[in-house]
Amino acid sequence: MPRKNSTTGPDGVTRRGFLTSMGAGAIGVAASEDLFAAGKETVDVQVMPAGQTSKVSLRVNGETHVVLAEPRWTLLYCLRDVIGLTGVKPGCERGECGACTVLIDGVPRYACLTLAVEAQGSEVTTLEGLMDGETLGPVQKAFAEADAFQCGYCTPGQIMAVEGLLRANPNPSAEEIRRGVSGNLCRCGAYKHIFEAAPRAAEFKRGK
Amino acid sequence: MSDESKDIYYVQGIPVPETPLPGKEPAAWKETNVVGRRLPRVDAYERVSGSAVFPSDIHLPNMLYGAILRCPHPHAQVRYVDTSAVSKMPGIRALISGATPEADLVWKKDAAGEMRLFDPHCRYEGEAVAAVAAETPYQARDAINAIRVDYEVLPFVADERRALIAGSPPVHSKGNLSKTDTYERGDVAKGFAAADVVLEETYRTECELHTPLEPHGCVANWEGNSLTVWESSQGVYAIQSKVAEVLKIPLARMRVIGHYMGGGFGSKLEAGKYTVIAALLAKQSARPVKLFLTREETFLAVGNRPPCNMTLKAGVKRNGMLTALEFTCLATGGAYPAGGISLVDWLIRDLYTCPNVRATSTDVFINAGPARAFRAPGHPQGAWALEQMMDALAEAVGMDPVQLRLKNISSFSQAREGNPAYTTTGFQECLEQGAAAFGWEKARRETGPKAAQGHMRRGVGMAGGLWFAGGGRPPSTVIVKLFADGSVNLNMGASDLGTGTKTVMAMVVAEELGIKPEAIQIENADTGTTQYATPSGGSKTVPTEAPAVRNAAVQVKQKLMEMAAEALKTDLSELIYQGREIVSRQDASKRIAVKNIDALKRQGVVVGVGYRGPNPKNKVVNPFAAQFCEVEVNTKTGELKILRFVAAHDSGRVMNRLTYDNQVFGGITMGIGLATTETRILDAGQTGKMVNRNWHDYKLPTALDVPADMTSLPIELADIEANNTGAKGLGEPVTIPTAAAVANAVRHATGLRITQTPINPLQLVQRLAERRKEG
């Protein structure tokens, strides 16, 4: 990622600066467009070189947090290191393990693959947001009772995956549960107990 | 190597103190109220609520983030490190490299010579070259990318099978042979001559990587001359002794804290350079530094299960008795000696009765990341060879594979000097009861070649095993404190890796003192406040710590009884401890609640100190195992589905059935990884670099790769000699037979004997196509 802008347009806007703020995911598409757009520096967005922070407003667990963030900062980094919600765990920081799974507008997403700026305007829910004060939420309670973890490090992500699954599908089949947590690695191998925790959590959610 | 030796792998290179004898230990439990139950963990709330603080969660005021620059070549000499661009970059607060004074610290001294912290001679891809600390992890990574290093790229060898070929580039000046181990008993030539059937086969297990979910790393903070480190570790004392030695600081000024940790599997038994680097960055910047490895770094630099190339020749009589086993193994612990391959031959030496055995293991150096102990070092590899061979022998003599194994069970250790007996061996029960629970004979009839129809083929397979350690041993010191209100504090140095150690220990205290496990507060894994413990590894934590915990709790109970005898003015021998109350045997009106004992109120606390007693003389404490599985193979696509598993384990007393089962399923899951998905791929021909350094390309078993139908069947034999709790280790035996059981089931389903891991669609479809071509 460029650390400074080599070419600056008349209004201080550069294509590279724009790409920086959009994250690596957009680069592939935009780079091919470059062939046609060479020399045209008219994209109407503000320059945000890496290293410079701006205000980012995040709605997390029902509270609004305004943080100063670089455009390249991930939601994972902002939640953990800036806001201090350590229930969001880094495992790979490249979308492979699911330890950083949070809900964005109710849907499980990897916080390491989401830029903080992208999460603006969305409702973000972390493990901490499933608690009712100091009382465990239904999925957390089911995980504790079923011993659905060992070291507990992937567990926040597993719980968020099950939470997201149950919000979309309150009564999932065994196969749907397996698919629902298949984006979350557990090296200790607690999968079988996770399979058992999920239907138990569904029952708790139904008030049983 | 024997399991009693001082250089057993999980304490290799660290000082191990002796602890006093515990005196007279309590007799075995006749019945238990708490121990053995299915109990959720005492720290379950912390682990599911997010309130458990893992080392990587530690965030200190004014904290910086560290990052390490690593050598991108498998073999190179650092000529010059140009850091000129870094000093001008924003947020950079510390920088160390081969050109700064910190590099002169001696990291390691051994037979291979003296190694500096930043050794200019990089023998593997991923060796540390420089490091920085910055205000944000992004700035630290920017700085790492801005450092320019001039490397002299050297010729490399990245395939152990080529390491000893003349002309191969030497990893170390003395050559690529690390060491050769030979074991022999009887006369294998005579044994083979006496056999009715002799088979020989070559096997290979690929290199596996631990990749625990929490990466390796720490937070380092200096207060004056005292260093505190929060480290994701299996043993805080191992980190303390190594880092204090390298930094030359007194042990008392080096505190290591590791209450929670996100998985290790052997890779966090020892200290890594990263902790020393974090401490140095913190010293230079006079600020706390968090340094956690990136996922990619954990693939390159912090250990692996060595790849093993094995040949096994076996002779058997028609009646199923083994006559000879001859085994060779060529394997590599990477660029530095790591003791990683010394146990590959153990099952061949010790599992089955066999009068004539020869085993030769050759450990070579290659330009790849050093091995670290990996869950049951050597055993799953050895089982891959031996247990597939047993399957083939059974087929050759027309005997059921379970029956063949039953014919060759030994009640004593043949490979240890003096042939000591096992305190208990439940191997026979594991085989018989496991087979019954699985429905082995029926399943064998209803699947396999005779039932083959269409392209979906089912088969069943099984394998056995033992774990050469798992008995635990001294030292261990544990303190139990009972307060005036009846609540209890347990102080123990051992780490809980997620196996449920803390919960088991709370249950032991609860058993003895008659209180609820959740009323027990546990302090553990902190060199500043808890007692010495060896790292949690080798499946020895429960059999090591639980007896010491019991001794401490019994001492507390004894003191309370003495106080009660004084209060009730009766003889001590007349009293019985009933949990909350102490009561006279003769006169039921003579009773006193523990909380009402005056002496306890006055003292405020009763302290019990427990030590781990010695192991039985001339006996061996080993866990045994047999696992059974059913698979389905799509012979058109090569896809393999594992349908079910039954795991019968003799690990002595079950301490907590819930966490016990969890361990069993976890071990099977990891074994499925070895069998079907995991393989480190080095580009040995062109660049020597690892090409699959992430979880997309190096695939761990996911929820879709393991069967929901897994059964844990404890074989709970009373073992009164092992230790005062009767528990043996569990964490490692559960992953030993798994991969071989899968391979045997694939053989039964398809007729193909797959001798190389992983059994993935790529390999299966190729083998199936070859067979079709052959007709």
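Predicted model: local features only at pLDDT ≥ 70, side-chain atom pairs only at ≥ 80, totals over all residues.
1. Chain B has an open sheet of four strands in the order β22-β21-β20-β26, and its pairing is mixed. At the edges sit β22 (520–524) and β26 (605–611) of chain B, each of which pairs on one side only. From one strand to the next, the twist averages 15°.

2. Zoom in on one pair in that sheet. Strand β21 (residues 488–492) of chain B and β22(B) run parallel, joined by five bridges.

3. Next, a separate strand group. An open sheet of three strands in chain B has the order β23-β24-β25, with antiparallel pairing. Its edge strands, each pairing on one side only, are β23 (575–578) and β25 (591–593) of chain B. Here too the twist averages 15° from one strand to the next. β23(B) and strand β24 (residues 581–584) of chain B pair in the antiparallel sense over four bridges, and Y577(B) has I582(B) in β24(B) as its bridge partner.

4. Back to our helix. α13 (residues 541–568) of chain B lies across β23, β24 and β25 of chain B, at about 125° to β23(B). So what holds strands like these side by side in general? Strands of a sheet pair through backbone hydrogen bonds, and they can do this either parallel or antiparallel.

5. On to the inside. The largest nonpolar core has 289 residues, and V132(B), I277(B), V509(B), V549(B) and V742(B) touch the most other members. Helix α13(B) supplies the largest share of this core, 11 residues. Leaving out residues up to four places away in sequence, V549(B) touches V478(B), L490(B), M492(B), M505(B), V508(B), V509(B) and G610(B). As background, nonpolar side chains tend to be buried together in soluble globular proteins.

6. Now step back to the domains. The assignment for chain B gives domain 1 (9–31 + 472–611), domain 2 (56–154 + 213–263 + 268–301) and domain 3 (308–470 + 618–774). Domains 1 and 3 of chain B have C-alpha centres 38 Å apart. Their contact takes 22 residues from domain 1 of chain B and 25 residues from domain 3 of chain B. On the domain 1 side, the elements giving two or more residues are α12 and α13 of chain B, and α13(B) gives the most, with five residues. By class, that side has 11 nonpolar, eight polar and three charged residues.

7. Finally, the two chains. Their contact takes 44 residues from chain B and 47 residues from chain A. On the side of chain B, the elements giving two or more residues are α1 (44–49), α2 (137–146) and α15 (657–677) of chain B. The largest share, seven residues, comes from α15(B). By class, the side of chain B that touches chain A has 23 nonpolar, 15 polar and six charged residues.

Note on methods: Residues numbered from 1 in each chain as written. Chains lettered and ligands numbered in written order. Pairing = 2+ DSSP bridges. Axes fitted to C-alpha atoms, helices over the stretch in contact; angles between N-to-C directions. Contact = placed C-beta atoms within 7 Å. Nonpolar A, V, L, I, M, F, W, Y, C, P; charged D, E, K, R; others polar. Core = buried A, V, L, I, M, F, W, Y, C linked by C-beta atoms within 7 Å. Buried ≥ 20, exposed ≤ 12 C-beta atoms within 10 Å, placed from the backbone. Domains from an automatic or database assignment.
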